[in-house]
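Morning, everyone. I have one structure to walk through today. Let me put it up, and then we go from the whole chain down to single residues.

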Amino acid sequence: MSDLGDFTDFSANDGADADPPSDDSTVDADGAAADDDFESYDVSPSGSDRGLGSISVSQGLRVAEDGDDTALQAFVTSDNRESVRLGKYLLVPYPDDETLFCRITALEYAQEFEADDATEIHARRAMRRDDFTERDYKFVASLDPVAVLFEDGDELNRRMTDRVPKPGAVVSEASDAEQIKTGLAIPSEGVFLGHLSVGGETVRTAASPPTIDYRLKDDYADGDPLVFRHTLVAGGTGSGKTHASKNVLRQYLDTAYPMPDGREVSTAVVQFDPQDEYAQMHDDNPDMTDEVARRLDREGIAHGGHDDTIAFVPTVGGASYDGANHRAEQVPFTVPFNMVRRRPWLVAGARLNDNQYQALDYLLGRFFDDYGDAGTYDQFTTYLDDPTLREELDEAGRVHEATFDAVRRRALGSAFRRVFDQDARPVTDLVHELVRPGGLTVVPTYHVNDSRATELVVLAVASLLVDEKLSNDPTYDRIEETPLIVGMDEAHNFLTDAESVQARKVITKFTEAAKQGRKERLGLFLITQDPQDVAESVFKQVNTKLVLNLGDEDAIKSVNIPPTLEDKVPYMAKGQMVVYSPDNSEPVELTGLSTCVTRHGD
């Protein structure tokens, strides 16, 4: 017996001396061909095909409140199988003109006939063929019902899936823009984020423009604008998160919102910038072609450099800022020490315990009672150097000597000396320059090479904005009366959970700001590559999440997007993103604009 490696392929007519008889003849007893007594018929269906296939009941047909109990499959015909992809949106009509809008969640080949193809013979035959016989197998798509679409007068509406489609109903790809946007509950107007895509491929329709624009609600018709329910942009290095953030922030700068007094006021944006990238939004993108600009105009997408952009530059000892990569106006400022009177945690650092913090709070209060708001950081350090004060407080039982010494050591940090009371106008005197209706203020910290000093600058300015927004008796009406977005890049460095007194104070403040944001017209726009490090109490208040490529499993899990989209995140190309905004739409995959709407990069 020969080895199987030298097997004979019995599909060939090996050893035959004559051609086999034709299909319409038979062979008589003597081996001669004879006329067939039966007439052959064409069994191909009449007419032309429509759609991709039809609903199948071979594995059950069921829709249920519990999605795990739903069984909905479509048989896809051989000519359509190459175009079918996971995540694509399909339509299944009901007999009464309603339509089931659904998404492909699984694809599989199943055997058409009982056969074992896991054999040497089948494998060797396949290895010698150049084609694949589709008709030998069933190709089945598992569907997740998203919504039922129905006409309500002249409008197309959606409701939850409450009907099972009929067996054999024709399944077709969703290609109508109105049906797709209605099925996914995407608003027709609002702040533009990107274009709908599946597997990185932009969804195209027969409409003009052919793409599906994804927008966030930005009016009060159906609840609060989502900008004031906060946004998180998460993505790794090189994922395109800064590019995407600029595009979104540019849209917000082109919007206005009604205030409680009835005025409609344009949005102000204050963006903290650790890489000196956002002040470039002042300038036009030199790579923007006329064709791209016309396309953006047709879709109502704001683009072009934003003239009202200021680089609000912190003056820090030993650091200089050149601002060579943008043409925005530069306004230097300093953090005055008197801001600490209401915010003692600014000088608490990360090492003070609760007892020491109480002592610091007492000492600061006593200092400002003596010196008033004109008291400086240098005067405070001199104040703490007084041995008489140390002895007096210890004898009175107010502050133990060891606690006093610990506070003094913490309060004499070099970062404080470099940040407070520098040679520039105090930020508290520049509030009208800091917050401007329709204006973008960028606070760059790239030139500050001390992380503690950077943290102090960012938290001081951010807390000023937040405190004024939350106050019942604000000092600066400009902040109170202007819709405001506070953008924070590398947010994980400032809003992280920690055991220190300072961290707890910061997180409490920003959690409250996030909760009150919708009422006070305050939106947080957080940008990070480490979303798992953002404090959970703040994270819980974020309604809209834009997730670009992330490679870290903990980071992906932390953003709490649906499992069907989690698996896509590590494989997304630059500019691709998953958007999860429960109060706006179904979770979707988007492709961002390939051309930044303002200047970006070198």
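First, a term: helices (H or I, at least four residues) and strands (E, at least two) are DSSP runs, numbered from the N terminus. With that in hand, Glu490 sits in the loop between strand S20 (484-489) and helix H13 (501-520). I will come back to that residue.

Now the ground rules. This is a predicted model: local features need pLDDT of at least 70, side-chain atom pairs count only at pLDDT 80 or more, and totals for chains, interfaces and linings use all residues. Residues are numbered from 1 along each chain as its sequence is written, and side-chain values use heavy atoms, with hydrogens and water left out.

Overall shape. The protein chain holds 16 helices and 24 strands. Its C-alpha trace spans about 130 × 65 × 50 Å along the principal axes.

Next, burial. Buried means under 20% relative accessible area, exposed over 50%, partly exposed in between (1.4 Å probe, protein chains only). By that cut-off, 49% of the 602 residues in the protein chain are buried.

Contacts next: heavy atoms within 4.5 Å. Of the contacts in the protein chain with a separation of 6 or more, 72% join residues 24 or more positions apart.

What about charge? The protein chain carries 59 positive and 112 negative side chains, and the centres of the two sets lie 8 Å apart. Lys and Arg count as positive, Asp and Glu as negative; His and the chain ends are not counted. Each charge is placed at NZ of Lys, CZ of Arg, CG of Asp or CD of Glu.

On to the interior. A nonpolar core is a set of buried Ala, Val, Leu, Ile, Met, Phe, Trp, Tyr and Cys residues joined through side-chain atoms within 4.5 Å. Which residues have the most contacts inside the largest nonpolar core? Phe337 and Met488, in a core of 89 residues. Helix H11 (residues 451-470) gives the most to this core, 11 residues. Apart from it lies another core, of 48 residues, among them Val146, Phe228, Leu546 and Leu548.

Look at Met488. Leaving out residues up to four places away in sequence, Met488 touches several residues, including Phe272, Val458, Phe494 and Phe525.

Phe337 turns up again at Thr376. Thr376 lies in the loop between helix H5 (354-371) and helix H6 (377-384). Beyond residues up to four places away, Thr376 touches Phe337, Phe367 and Asp421. Thr376 is partly exposed, at 26% relative accessibility.

Glu490 is partly exposed, at 24% relative accessible area. Asn560 is another non-glycine with positive phi, about 60 degrees. Asn560 is in the loop between helix H15 (553-558) and helix H16 (563-566). Finally, a cis peptide bond joins Ser208 and Pro209, with omega about 0 degrees. Pro209 lies in the loop between strand S11 (201-202) and strand S12 (213-216).
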